[in-house]
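Please look over the structure below before reading the notes. They cover a surface patch, a salt bridge and pairs of aromatic rings.

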Amino acid sequence: MIDIFFWALEGVFWYFPYLMIKTGEIVLAALSLGFHRPRQNKNLDITDEDDSLITIQSPAFWVGIMFWICIGIYLSFYLSGG
């Protein structure tokens, strides 16, 4: 039972950066017509740590996080009636 919980948790953590980057790319593309997604050249020497640093340094990742935070704050006020 606990294995299923950890598999689900691992799936969420694996999918979270992808969702944030895709959301950020959509928002940036909608607000700025000149935004183009940078191409990532995959080398055989790249490790998992390098991939995570590329994700954190991506502006689309942070735009995606800010977008979902703003949506959450808006829904919190909207659903609370205030």
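A residue is called buried when its relative accessible area is under 20%, exposed when it is over 50%, and partly exposed in between. K22 has a relative accessibility of 27%, so K22 counts as partly exposed. The model is predicted, and the points below are grouped by topic.

**Salt bridge**

- The structure holds 1 salt bridge.
- Its partners are K22 and E25, whose closest N and O atoms are 3.6 Å apart.
- Both residues lie in helix α1, and because they are 3 residues apart there, about one helical turn separates K22 from E25.
- The relative accessibility of E25 is 12%, so E25 counts as buried, whereas K22, at 27%, is partly exposed.

**Nonpolar surface patch**

- Helix α3 supplies the largest share of the patch, with 7 residues.

**Aromatic pairs**

- A pair of aromatic rings is described by two values: the distance of the centres and the angle of the planes.
- Across the whole structure, 5 aromatic pairs are found.
- One of them joins F16 and F61: the ring centres are 6.5 Å apart and the planes stand at 90°, so this pair is edge-to-face.
- This pair links distant parts of the chain, since F16 is in helix α1 and F61 is in helix α3, 45 residues apart.
- F16 has a relative accessibility of 38% and counts as partly exposed, while F61, at 8%, counts as buried.
- F67 and W68 form another edge-to-face pair, with ring centres 5.4 Å apart and planes at 80°.
- F67 is partly exposed at 33% relative accessibility, and W68 is partly exposed with a relative accessible area of 40%.
- Ring pairs link F16, F61 and W62 into a cluster.

Conventions:
Residues are numbered from 1 along each chain as its sequence is written. This is a predicted model: local features need pLDDT of at least 70, side-chain atom pairs count only at pLDDT 80 or more; totals for chains, interfaces and linings use all residues. Side-chain values use heavy atoms; hydrogens and water are left out. Helices (H or I, at least four residues) and strands (E, at least two) are DSSP runs, numbered from the N terminus. A salt bridge is a side-chain nitrogen of Lys or Arg within 4 Å of a carboxyl oxygen of Asp or Glu. Buried means under 20% relative accessible area, exposed over 50%, partly exposed in between (1.4 Å probe, protein chains only). Rings of Phe, Tyr and Trp (its six-membered ring) pair if their centres lie within 6.5 Å; planes under 30 degrees apart count as stacked, over 60 as edge-to-face and the rest as tilted.
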